[in-house]
Amino acid sequence: MMPKNFYFVVLLGLVSLFSDMTYEGARSITGPYLFYLGAGAAVVGFTSGFGEFISYGLRLFSGWFADKTKNYWGLMFIGYALTLLSVPALALVNSWGLAVLLIILERTGKALRTPARDTLLSYATFKMGRGLGFGIHEAMDQIGAIGGPLIIALVFYLKMGYKSAFLVLLIPAIVALSFLTFARITYPTPQKFEIGFQKFEAKGFSKSFWWYLLGMCFIGAGFVDFPLIGYHLEKTSILSKEWIPILYALAMGVDALSALFLGFLFDRIGLKAIILAIILSLGAIPFTFLGGIILIFLGMILWGIGLGAQESIMRAVIAQLVAPEKRGMGYGVFNTFFGLFWFTGSFLLGFLYEISILALVILSVIFQIFSLPFILKVVKTVNINPL
């Protein structure tokens, strides 16, 4: 019989599965949708970057609030509701300005819920291995991220438009909120999963935390988000419209598989697993923006590997570097700086797209390479391998 903490991880995984089906389905077409509404590449880059900045930046507050109040479930309910209801509302707008507002509101919901959710996951994954636990959660998350874009592709195949696509996504949103309610009733205090196992000096964050944060900030600055990739594919007409969400679904599938593998690897070799993922994903942007159809598909596979690492083992590291009672704040600080660099990088890369796609590619790769010395410094100074 599986332990209760495993079932809790799976239950939160189901919440993420159906919520990702909603908002990743939407994200697979937000770039083309903004283009359809008349927005330019700079607007798409700004929206993507600023949305991620809000998504990450507000986590400083929500992480602090989660640690202060211990009201993890309340933050999760508010955050998920805001995210999941903003997506279907995109069907009701007729201007790119209102669409941008709803996209940012969806990201705001993610900012409110994520530190609380990751903190509860960190408690539940201590005994099972954090790499594996966060990997399982991310894999389930990405099953939904595959399903959402495929639903959108089916809507387009049936000759329905963008508005019908967004309305269909209301169904998995309701299912996600139902699973969240069940999780709250079944496991009201997941903090108990880690009680008595780990002792930290909780006066502040270690130097290793800050070195690790700096390295991840370069990753955020150089990692091109999918809305700009989708915009590029729509504008160049390399692929027909219905293939764009399918390509995104492919990346999400790779994300799911790589999260499980890298999580397993992380529990055995630590941060070296992250370095491997970064090196593998360096080819993603050159192949996607400069290649033909075959290289685009290969690029999205590599892009999925990089995203899988970000959403699984890169989150697991924080739980190893920060005391339990400060973990919400730790996730908040980490994600605020990561989001700031993501926003700056996305806006800059969106601006460069209008000038030179080659310059966009070169800068993206350089930023990601710059992350490696800082991560290597943490590898040499701290053993974060929990097993």
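Is K70 buried, exposed or partly exposed? K70 is partly exposed, because its relative accessible area is 39%, and the cut-offs are under 20% for buried, over 50% for exposed and partly exposed in between, with a 1.4 Å probe and protein chains only.

Okay, before I go on, a word on what we're looking at. This is a predicted model, where local features need pLDDT of at least 70 and side-chain atom pairs count only at pLDDT 80 or more, while totals for chains, interfaces and linings use all residues. Residues are numbered from 1 along each chain as its sequence is written, and side-chain values use heavy atoms, with hydrogens and water left out.

Back to K70. You'll find K70 in the loop between α3 (59-69) and α4 (72-89). Those helix names come from DSSP runs numbered from the N terminus: helices are H or I with at least four residues, and strands are E with at least two. K70 isn't a glycine, yet its phi is positive, at about 60 degrees. K159 also has a positive phi, near 70 degrees, and is a residue other than glycine. Look for K159 in the loop between α6 (130-157) and α7 (162-168). K159 counts as exposed, because its relative accessible area is 75%.

Now, on to charges. Side chains of opposite charge can pair when their charged atoms come close. We call it a salt bridge when a side-chain nitrogen of Lys or Arg is within 4 Å of a carboxyl oxygen of Asp or Glu. The structure has seven salt bridges.

Let's start with D118. The D118 side chain forms a salt bridge with R117, at 2.9 Å from N to O, and D118 also has one with R315, at 2.8 Å from N to O. Why does the R315 pair tie together separate parts? Because R315 is in helix α15 (residues 313-321) and D118 is in helix α5 (residues 96-124), the pair joins parts that are 197 residues apart in sequence. R117 and D118 are both buried. D118 has 2% relative accessibility, so it counts as buried, and R315 is buried too, with a relative accessible area of 8%.

K235 is partly exposed at 42% relative accessibility, and E354 is partly exposed with a relative accessible area of 44%.

The axes of α10 and α16 come within 11 Å and cross at roughly 20 degrees. Axes here are lines fitted to C-alpha atoms, for helices over the stretch in contact, and angles run from 0 to 180 degrees between N-to-C directions. So α10 and α16 are roughly parallel to each other; under 35 degrees counts as roughly parallel, over 145 as roughly antiparallel, 65 to 115 as roughly perpendicular, and the rest as oblique. On the α10 side, the contact is made by L228, Y231, H232, K235 and T236, and on the α16 side by L349, G350, Y353 and E354. Contact means heavy atoms within 4.5 Å.

What about α12 and α15? The axes of helix α12 (residues 272-281) and α15 come within 10 Å and cross at roughly 155 degrees. That makes α12 roughly antiparallel to α15. In this contact, A273, I274 and I278 of α12 meet I313, M314 and V317 of α15.

Which residues does T47 contact, leaving aside its neighbours within four places in sequence? T47 is in contact with L34, V100 and I103. T47 lies in helix α2 (residues 41-57) and is buried, with a relative accessible area of 3%.

W342 sits in helix α16, and at 3% relative accessibility W342 counts as buried. Not counting residues up to four places away in sequence, W342 touches several residues, among them G49, E52, Y56 and Q310.
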